[in-house]
Amino acid sequence: MDNQNNISDQQNSKNYFLKIIVFIVVILIFIAIVFFFDFFNISKSFGTATLSWTANTESDLAGYKIYYGISKRTGDCPPAGYSENINVQKTTSPDKPAYKIENLDTGKTYYFSITSYDVSGNESCFSAEMSKNILKTKP
């Protein structure tokens, strides 16, 4: 009888340690998955930048263009190195022009410059360059 109890205790002990090992392995797999998603930015989040500027008061103003990218510009006039641009035309409040750019990658610094253009299509050179670091926010 003592022999059977010893065997039963040994099996229970083995089962207990096996359960602990399985639990630890599951936790390690979970940590590895979380690290993988964070490291490779799979659960990517996006940020915004709201730009405002002094209005152009010329009577033939047709609109504005916002140039931006993750590299500083390389010159004083378009395109000068920016990877993106948005034609915002005239804004809804012409005396206080502003525009919100969405879907910017978090963890990156973006550089912005604005131009204006007239009804003939003539475009100004860039405004002063602005930058914004798009921070990752927790949901």
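Visitor: Which strand is joined to E5 by 5 bridges?

Guide: Strand E6, residues 130–134, is joined to E5 by 5 bridges, and the two run antiparallel. Two strands pair if DSSP finds at least two bridges between them. Strands (E, at least two residues) are DSSP runs, numbered from the N terminus. In E6, Lys132 is the bridge partner of Tyr110.

Visitor: What kind of model is this, and how are residues numbered?

Guide: It is a predicted model, where local features need pLDDT of at least 70, side-chain atom pairs count only at pLDDT 80 or more, and totals for chains, interfaces and linings use all residues. Residues are numbered from 1 along each chain as its sequence is written, and side-chain values use heavy atoms, with hydrogens and water left out.

Visitor: In which sense do E2 and E5 pair?

Guide: E2, residues 61–69, pairs with E5 in the antiparallel sense over 8 bridges. Tyr111 in E5 is the bridge partner of Gly69. E2 is also mostly covered, with 7 of its 9 residues buried.

Visitor: What stands opposite Lys65 in E3?

Guide: Asn87 in E3 stands opposite Lys65, and in E5 Lys65 stands opposite Thr115. E3 covers residues 84–89 and pairs with E2 in the antiparallel sense over 5 bridges.

Conventions
Helix = DSSP H or I, 4+ residues; strand = E, 2+ residues; numbered from the N terminus. Buried < 20%, exposed > 50% of the residue type's maximum accessible area, 1.4 Å probe, protein only.
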